[in-house]
Amino acid sequence: MASARIPAVFTAFSKTAFTQTAFTQQLRRLLVLCLATVLCLGLSACDGSQGKKPPTISPEDMALIERQAEGFLAARNRLPELAALVNDRNWVFTANLIHGPMQEVGREMSYINQRLLPADRPEAEKLATALKTALAQLDEAARLQDGDKLRKGYIKVASGFGLYAQVLPTQVQEDLKQI
């Protein structure tokens, strides 16, 4: 008789333990689900994107860019004159134009690049370097009196001016009537 009671007690105890274990497992799952939901909502609310404005160029920087862009565009406007000198193979006046009115282009692009948005700077630096290199090659072709290199150098210079002008902020292009 005692042997019949032990399995019954054991069975009743194991049913109760099983019921409590199943209940606690369900409770844990519910608790983990609630915690995960709270964390997701908390993290998405704290990402800071709601009040964040897109980066913009300050009015002071925009004024400086515009002032430097005027010099850059004045040099670009001398390209037809440079083309005529290249076509005439006028070595001396080609070099004079490069070392005179176009000499400040590198400095102007440097000042502009410093004031652009950080995302735009790498492309602007690359284009500025390409234009300065093309000007140096054009100058070298004039010094060597090499007509073929002079013509190819002019094409690179003209292309470089056009590509770099596209880097200028839209507001500057509008203010200087480039658009």
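**Close-up views of the predicted model**

**View 1. Salt bridge between Lys126 and Glu123 in helix α6.** Lys126 forms a salt bridge with Glu123, with 3.6 Å between the closest N and O atoms; a salt bridge is a side-chain nitrogen of Lys or Arg within 4 Å of a carboxyl oxygen of Asp or Glu. Both Lys126 and Glu123 lie in helix α6, three residues apart, about one turn of the helix. Lys126 counts as exposed at 53% relative accessibility, and Glu123 as partly exposed at 40%. Here buried means under 20% relative accessible area, exposed over 50%, and partly exposed in between (1.4 Å probe, protein chains only). Helices (H or I, at least four residues) are DSSP runs, numbered from the N terminus. This is a predicted model, in which local features need pLDDT of at least 70 and side-chain atom pairs count only at pLDDT 80 or more, whereas totals for chains, interfaces and linings use all residues. Residues are numbered from 1 along each chain as its sequence is written, and side-chain values use heavy atoms, with hydrogens and water left out.

View 2. The side chains of Glu140 and Arg143 meet in a salt bridge (2.6 Å, N to O). Arg143 and Glu140 are three residues apart in helix α6 and so are separated by about one helical turn. Arg143 is exposed at 57% relative accessibility, while Glu140 is partly exposed, with a relative accessible area of 32%. Asp139 is also found in helix α6 (residues 121–144). Asp139 is buried yet has no salt bridge, and Arg143, the nearest side chain of opposite charge, is 6.5 Å away. Not counting residues up to four places away in sequence, Asp139 touches Ala95, Ile98 and His99, where contact means heavy atoms within 4.5 Å.

**View 3. Buried side of helix α5.** In helix α5 (residues 105–115), the buried residues are Val105, Gly106, Glu108, Met109, Ile112 and Asn113. These residues cover an arc of only 160 degrees around the axis, which puts them on the same side of α5; the arc is that of the directions from the helix axis to the C-beta atoms. The buried residues of α5 pack against α2 (59–76), α6 and α7 (147–165).

**View 4. Leu64 of helix α2.** Leu64 lies in helix α2 and is buried, with a relative accessible area of 17%. Leaving aside neighbours within four places in sequence, Leu64 is in contact with Tyr111 and Arg115. The C-alpha atoms of Leu64 and Tyr111 are separated by 8.1 Å, although these residues are 47 apart along the chain.

**View 5. Packing of helices α3 and α7.** The axes of α3 (residues 79–87) and α7 come within 10 Å and cross at roughly 170 degrees. Axes are lines fitted to C-alpha atoms, for helices over the stretch in contact, and angles run from 0 to 180 degrees between N-to-C directions. The two helices are therefore roughly antiparallel to each other, a term for angles over 145 degrees. On α3 the contact is made by Leu79, Leu82, Ala83 and Val86, and on α7 by Leu150, Arg151, Tyr154, Val157, Ala158 and Phe161.

**View 6. Positive phi at Arg89.** Arg89 lies in the loop between α3 and α4 (91–99). Although not a glycine, Arg89 has a positive phi of about 55 degrees.

How values were computed: Lys and Arg count as positive and Asp and Glu as negative; His and the chain ends are not counted. Angles under 35 degrees count as roughly parallel, over 145 as roughly antiparallel, 65 to 115 as roughly perpendicular and the rest as oblique.
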